[in-house]
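Here are my notes on this model, as numbered points. Have the coordinates open while you read.

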Amino acid sequence: MSTPQLVVHRDKELMAQAAAARLITKIVDAQASRGHASVVLTGGRNGNGLLAALAAEPARDAVDWGRLDLWWGDERFLPEGDPERNVTQAREALLDAVPLDPKRVHAMPASDGPHGTDVEAAAEGYAEELARAAGPENHGTVPTFDVLMLGVGPDTHVASLFPELPAVRETERTVVGVRGAPKPPPTRVTLTLPAIRAAREVWLLAAGEDKARAAAIALSGAGEIQAPAAGARGRARTLWLLDTAAASQLPRSLYPPASP
Ligand SMILES: O=C1O[C@H](COP(=O)(O)O)[C@@H](O)[C@H](O)[C@H]1O
């Protein structure tokens, strides 16, 4: 697993724009070398900010949207179309504006979907969908995502892996149901750390003063059970994309050389 690298931007708007530009380049490069690309989206303010910045970026037309698979790191287990669902927010921010292939948009199940309100069955269904997309080199578990993005919560949660809850301790399954999440809604579906670590690149997004403590804790050697963000690592690269407010409590030794 890779060691975290940090990039600190002036403010959250610039962070979102720079991350959007970075994502476009990654997708275009993956499509040029493998014919297709796969990206895991995150919910939350920073993830949606990135998608909105991407929607406003003229270079978005460089992406072949029909050859892009989209997956989600987590979902709030609510009815289809609920405004709090991560997929609903992603559609509003970007997805409705680009020519995606609907078969390649792998939303997590809704609570009025094929599994009804059974969140464990919904998680199992998503795990099966991931396994069907995995190649032989992935040992039948999850595809090797090109980029997996995670918003970092003020309590260090990523996806719906909250500190000390059972989901963050999962070592076998790739997707699990979550009950009793401290952030509403309490019932969620989430990728686990083993699934997250299958990605080539993991990008953690943290902008804003309320993320400063979480970033400092996760990057200062905390354990992944207490600070799930600390356990989110990519195979080839782990990139923390921050703004100066979120980086304000980092030990000086962690600051990258060219940062303010
Ligand atoms: O509930 C969630 O929260 C996190 C972080 O969100 P933020 O608004 O504090 O940036 C997000 O990453 C996750 O996908 C989402 O379900």
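1. Is L148 buried or exposed? A caveat before the answer: this is a predicted model, where local features need pLDDT of at least 70 and side-chain atom pairs count only at pLDDT 80 or more, while totals for chains, interfaces and linings use all residues. Numbering starts from 1 along each chain, as its sequence is written. Now the answer: L148 counts as buried, because it has 28 C-beta neighbours inside 10 Å. The cut-offs, with C-beta atoms placed from the backbone, are 20 or more other C-beta atoms within 10 Å for buried, 12 or fewer for exposed, and partly exposed in between.

2. Staying with L148, this residue sits in strand 5. Helices (H or I, at least four residues) and strands (E, at least two) are DSSP runs, numbered from the N terminus. If you skip its neighbours within four places in sequence, L148 is in contact with V40, G73, I196, A199, V202 and G234; contact here means C-beta atoms, placed from the backbone, within 7 Å. G234 is 86 residues away from L148 along the chain, yet their C-alpha atoms are separated by 8.2 Å.

3. On to the whole chain, which has six helices and nine strands. Its radius of gyration is 17 Å, close to the 18 Å from the globule rule for 260 residues, so the chain is as compact as a globular protein of that length. That radius is taken over C-alpha atoms, and the rule is 2.2 Å times the number of residues to the power 0.38. The C-alpha trace spans about 50 × 40 × 35 Å along its principal axes. Buried residues are 46% of the 260, and of the contacts with a separation of 6 or more, 76% are between residues 24 or more positions apart.

4. Which residues come closest to the ligand? They are G43, G44, R45, G151 and G153, out of 16 that surround it (near means a C-beta atom, placed from the backbone, within 6 Å). Helix 2 (44–55), strand 4 (74–76) and strand 5 (147–151) each supply at least two shell residues, and helix 2 gives the most, with four. By class, the shell has two nonpolar, ten polar and four charged residues. Ala, Val, Leu, Ile, Met, Phe, Trp, Tyr, Cys and Pro count as nonpolar, Asp, Glu, Lys and Arg as charged, and the others, Gly among them, as polar.

5. Helix 4 (residues 119–133) is worth a look. Its buried residues are A122, A123, Y126, A127 and L130. They lie on the same side of helix 4 because they cover an arc of only 140° around the axis, the arc being that of the directions from the helix axis to the C-beta atoms. This buried set packs against strand 6 (175–178) and strand 7 (188–191). On the face turned away from the buried side you'll find the exposed residues E128 and R132.

6. Helix 3 (residues 86–93) has N86, V87, T88, Q89 and A90 as its buried residues. Their cover includes strand 2 (37–41), helix 2, strand 3 (68–72) and strand 4.

7. Finally, Q249, in the segment after strand 9 (237–243). Q249 counts as partly exposed because it has 16 C-beta neighbours inside 10 Å. Not counting residues up to four places away in sequence, Q249 touches A212, R213 and A216. Q249 and G135 are 41 Å apart, C-alpha to C-alpha, and 114 residues apart in sequence.

Note on methods
Contact = placed C-beta atoms within 7 Å.
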